[in-house]
Amino acid sequence: MDHDWLIRMLEQRIADRKILRLIRKWLKAGILEPDLTMLHPETGTPQGGIVSPILANIYLHYALDLWFEHIVKPKCRGRVIIVRYVDDFVCAFQYHDDAAKFQQALEGRLGKFKLSLAPEKTRSFRFNRFFVGGEKFDFLGFTYRWGKNSKGNPQGWRQTAKDRFRRALRRLKEWLRKARNLPMKELMKTLKSKYRGHRNYYGVVGNKNLLDSFVFFANGIVFKWLNRRSQRKSYNWEGFRQAIKYYGLEEEKIEKIAA
């Protein structure tokens, strides 16, 4: 993000010069490199800074959202929509020629604000109910595809993306490796909250199988690390099933999401 452009955008809503000077200081905050040298960035926002996501959203609101709403949409002959979360976005067009014109204009628009598209994440494809089983795409942790419901009619489905599924299990494993010696009650309480967080985000219609699979594989990881709490084996499978039932982990299986 270009700092001068960002300040001009902020000036649209912020009149207090002191606040704007403070934001400039945030943007110019030094970054300590591994070799102990101090780097003062000319673009972008502080890595990991608490204000960075807010500033990024403001920047793209002016650079992309308003342009799409007031310039792109009126020039399209069919229905169009944009869904954006921070720097990830998906645009849908009713007609192919509208999509082609937008893609051609997009690079120029972003270039004006010193932004660029990530080539490995950018593509154009046909996605509608008339091409069931065709293209699919990942967005915000979900894989979107067209399939058929129990009546044989086309239906859009959302399921946990494969990379997010593996990442969630890997993070759980890393946490258990460090936390396996916590008191059992505390360990299970935290595990239950992790399961619930996963369920709350990915608990959508059509995703029940992958939600149950997550609990199944996660319980396998828990079983493994609980048996490393001491040199003697702590649980067999029957004892482990009783333990997760006692501590309520069994309840975190998804029973109310439609298959």
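Which residue takes a positive phi in the hairpin of β6 and β7? Gly152 does, with a phi near 85°, and this hairpin has 5 residues between its strands. Let's walk through the rest of the model from there.

First, a word on what you are looking at. This is a predicted model, in which local features need pLDDT of at least 70 and side-chain atom pairs count only at pLDDT 80 or more, while totals for chains, interfaces and linings use all residues. Residues are numbered from 1 along each chain as its sequence is written, and side-chain values use heavy atoms, with hydrogens and water left out. The pLDDT is the predictor's confidence in each residue, from 0 to 100. Its mean over the protein is 86, and 86% of the residues reach 70 or more. Residues 254-259 are a stretch to read with this in mind: pLDDT stays under 50 there, and the model has 18 contacts for them beyond four places in sequence. Contact means heavy atoms within 4.5 Å.

Now for the overall inventory. The protein has 8 helices and 7 strands; these are DSSP runs numbered from the N terminus, with helices being H or I of at least four residues and strands being E of at least two. Of its 259 residues, 31% are buried, where buried means under 20% relative accessible area, exposed over 50%, and partly exposed in between (1.4 Å probe, protein chains only). Among contacts between residues at least 6 apart in sequence, 48% join residues at least 24 apart.

Two strands count as paired if DSSP finds at least two bridges between them. β5 and β6 (residues 142-148) have 3 bridges, and β6 and β7 have 7. Thr143 is a handy landmark: Asp138 stands opposite Thr143 in β6, and Thr143 in turn stands opposite Gln159 in β7. In the loop between β5 and β6 you will find Leu140, which has a positive phi of about 55° although it is not a glycine. Most residues other than glycine have a negative phi. Leu140 is partly exposed, with a relative accessible area of 25%.

Strands β3 (residues 80-85) and β4 (residues 88-93) pair antiparallel over 6 bridges, with Ile81 opposite Ala92 in β4. There are 2 residues between these strands, and Val86 in the turn has a positive phi of about 55°. At 25% relative accessibility, Val86 is partly exposed.

A nonpolar core is a set of buried Ala, Val, Leu, Ile, Met, Phe, Trp, Tyr and Cys residues joined through side-chain atoms within 4.5 Å. The largest one here has 21 residues, of which Leu176, Leu191, Tyr195, Val222 and Leu226 touch the most other members. Helices α5 (162-179), α6 (184-202), α7 (208-226) and α8 (237-246) each supply at least two residues of this core, and α7 gives the most, with 8. Leu226 touches Met184, Leu187, Met188, Ser234, Tyr235 and Phe240, not counting residues up to four places away in sequence. Apart from this core lies another, of 14 residues, among them Ile7, Leu10, Ile23 and Phe113.

Asn227 is found in the loop between α7 and α8. Asn227 is buried, with a relative accessible area of 13%, and its side chain reaches the backbone oxygen of Phe223 at 3.2 Å.

Tyr62 and Met9 are 53 residues apart in sequence, yet 7.1 Å apart in space, C-alpha to C-alpha. Leaving aside neighbours within four places in sequence, Tyr62 is in contact with Met9, Gln12, Arg13, Trp67 and Arg109.

Definitions and conventions: Polar contact = N/O pair within 3.5 Å; in protein donor to acceptor, adjacent residues only side chain to side chain.
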